[in-house]
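Let's take a friendly walk through this model, with the viewer open beside you.

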Amino acid sequence: MFHRTTTGLQRCLYIVAVVSIIPPSSFGQGILTRVGDLRHSLVPDVGVSVQISPSVGEIRFPSVADRMPVGAAVPIPVDTSRFVQDVADVQLERFATAATTNIEAQLSQDLQFFRNGIDKPVSQGGIPFGPHLLTSQTAIDIGKIGSLFVDISVGAATNLGLNASVAGAVVSKIGRQRLPPQTSCPFINVRCNPLAKYRSIDGSCNNLAHGLWGRAETPFERDFPPMYGDGISTPRTMDITNVNPLPLARVVSTAFHQQSFASHLMPDITHFSMEYGQFLSHDIQRNALSRGKLGQHGIDSLCKRKILSVSPSCFPIEIPTTDNYFSQFNRTCMNFVRAIPTPNLQCTLGPRQQLNQNTHFIDASQIYGSDSTTSNSLRLLSGGKILLLSASLESGTKLPKDTSNTAGCILPSSNVNVKCFRAGDVRANQQPALATLHTIWMREHNRVADKLHLLNVDWDDEQLYQEARKIVGAMLQHITYNEYLPYILGSQTMTQMNLSPLSSGYFTGYDSNLNPTIRNSFASAAFRFGHSKVHDYMASHSSTSSSNHLWKDVFLKPDLMYDANSGVTGVARGLVQTQSQKVDRLMTTQLTRHMFERFPGTGLDLAAINIQRGRDHGTASYAIWRIVCNLSVVGHFGVGIGGLVDHTPADAAALQSIYGSVYDIDLYTGGVSEKPVPGSKLGPTFNCLVAKQFQRLKYGDRFFYESNNAAVKFSPDQLNTIRGETMAKIMCRNTGVSTVQPNVFQMQAPGNMPVSCNTMPDIDLSPWQQCIDGGWSTYGSWSLCVGGVKIRIRYCNNPVPNHCGQTCPGSPFDIQLCPSASGRVRARVDVTTLRKNLDLALGGSRKVLGSVDSILRQAVSKSSVPQITNTGPGGLNFNFQHRF
Ligand code: HEM
Ligand SMILES: [Ca+2]
């Protein structure tokens, strides 16, 4: 099928991962991937390079006889000219027409499917998938185009007879040369204003040259090409030999991820650290899930019939009849829909990609929204504040109510006033600990806005809102890099990757070539490490009593938030006083059996979902990511050299009993179970993937809070104020908590013992007091005309320097032209210079000024004025006829 020629390389493309060799016996047949090929396939900005010892030289994969030509020792060059010819316009046109018809048919079924089936909101009696299915209309629209791109790509691959291992690379290559016909690209570049002081709501124009980088509703980026069943779009369901099916996600979950128990608590890390991680994750990512593609059938019949081929968005998680929990309910499958497909940012053909509905940056978008409709709907439009409910039901304000219950919450029949909440991210209602963080931060916004208003009475709503938003976003970034990440990544990684905040001065490392976009592997696996940290219950501590709520009793239920004792304050107390579970292979059964459960047996399994999601995204297996991360190559299940060196023997053996090959291990499963790097809570693979993402989110964010960028930077005093902020202070200010340990991410311990909130000073926002016109009197009356100008003067009433180091910033003079008396030609005079000289003459004196005339004379005589200059636009030029 391929032209096996080594000549004409300029016309050739080396296919990734297709070189085969005679493998070592332990692998059966093997396929070698050239290091260069792998490196080539990496996104250049990630700074990851694949280095394998020269003695190995290549990466070894077990081989797939029917996929790969065996025996070639060099990469097989593919003559792209042939493909280009084959996929000439007329061909593509044909694929496009067929695909369009197909997509139209599928789409017409969407709505009915949604009504009848899998993803009915819980309020309508469906089996819930929680708020994760509240896919935005924009995402659905992009998904339609994404489906078209995928179908055209699949058509091209089929037509060319490409096998799965090369289809993605070849179609991408073709796609680079020609845009698919009949498609419109949803990613249209934007014009940016380099002087804009505030972040856009949707994250666009953060990077001035690449205005779409990091914008909401753009695809996740890849560090490594996806591995799909068909090379383009279908989930990875077969093992590396393409002979046996992969172990079922639920089977991996029951055999490997269950169940955590008390001894799996982390001694030093609070449950707050877990919850902050989820809150942060909701700032930077929200996968767009499909809303279904098939009418008539509910999820059960879909599962039973396994009609994936008819309903391509439905990818149910099968439950074996021997399941250790669900078998008692005769449950054979679990609700799962695929993430919607999206074109890549360049809108070229290629493998399926996934869409992030939120802004990729750490910009507090979970508080404010990632689109203007959401953010506007959350604004009070007065005093810069966000909508918050008044304190009628609980001490302290709450998030605005979602009165139509569009978030699909489970509401109590006993109290019609209890509703779910609205926030910048719809998942705020997933459970009360998350809603608590949302509430704390929304309250903080309004406190900041109020304080800013007191300092700057003339600021309008917009300026107050934007400045408060900027401050809150900066606090979130500071707390993330200063308090949260060090305990996750460890101080060594923080230092090596330059992630620690500075103690003074500005950060100058912004790199406009660095693409900050959230990586697919981070979203689909690595940052899900937090799921392993979730405790069995959510504690709520009042000042006198405490109660532990099993998660299954509080999922999607807002009731608790309305209780003065157990609400925001009680949950906050509980979070800082209980521990997280360890990051390890085990996950609480509250998440593996009971997630979003309505009655026994209807729950979901988050571990299985993580695995299934990875396969849905085509996420390459664990072993590949070790290579991307420059870690030792894994080739067997042993824990010695060349094996699972970062796993315990017991965990490695457990993996071996589940998977046929190390190249089948799902990234979530292999990564979360690694032994932690010393000082870190994560093993080396997740440590690498998480650290790299946070590096990009710092170095690729023009608005990073420590930035020295002139248009966006804080003043030195303002930055110091942000640097003094801690999560404990913010909690103290916005809840009824009265004592708390200074570092709420760590358990109480010597050096971190609880202190009274009174000892934590409120934020001092005086550096935000605007430095203009403070302390001036109103202007006196105009002078007579002197030399064609008239002058009026104001006096400084405020001898105390403000935070800008000035008493009365600005000039005491106001100068205007006198009406021209005659038509005489006059020399031009620079008013600015005149004003400067007048100021000079005044010598900073705040004494009552002498006569305008004498000052004017004095000023001008001391200088070279009148100058004959042109001050440019602004109408300040005038003719100066009188010489002193
Ligand atoms: C009680 C706590 C939590 C619950 C119930 C929960 C539940 C979920 C669910 C249902 C999903 C969607 C899965 C899918 O369809 O693929 C998800 C995704 C995710 N979760 Fe969690 N989670 C929790 C805590 C956390 C924590 C602590 C972290 C990180 C520190 C985290 C990180 C993520 C990430 C990165 C995703 C993927 C997000 C996306 O791309 O949209 N979660 N979680
Ligand atoms: Ca964001």
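Why does Thr436 count as buried? Thr436 counts as buried because it has 28 C-beta neighbours inside 10 Å. A residue is buried if 20 or more other C-beta atoms lie within 10 Å of its own, exposed if 12 or fewer, and partly exposed in between, with C-beta atoms placed from the backbone.

This is a predicted model, in which local features need pLDDT of at least 70 and side-chain atom pairs count only at pLDDT 80 or more, while totals for chains, interfaces and linings use all residues. Residues are numbered from 1 along each chain as its sequence is written, and chains are lettered from A and ligands numbered from 1 in the order in which they are written.

Thr436 sits in helix H11 (residues 432–455); helices (H or I, at least four residues) and strands (E, at least two) are DSSP runs, numbered from the N terminus. Its C-alpha atom is separated by 28 Å from that of Glu706, 270 residues apart along the chain.

Contacts here mean C-beta atoms, placed from the backbone, within 7 Å.

| Residue | In contact with |
|---|---|
| Thr436 | Val568, Val571 and Ala572 |
| Met731 | Ile440, Ala572, Val737, Val740 and Val744 |

Met731 also belongs, with Val472 and Val690, to the residues with the most contacts inside the largest nonpolar core, which has 174 residues. Helix H12 (residues 461–489) gives this core its largest share, 15 residues. Such a core is a set of buried Ala, Val, Leu, Ile, Met, Phe, Trp, Tyr and Cys residues joined through C-beta atoms within 7 Å.

Methods. Contact = placed C-beta atoms within 7 Å. Lists of a residue's contacts leave out its neighbours within four places in sequence.
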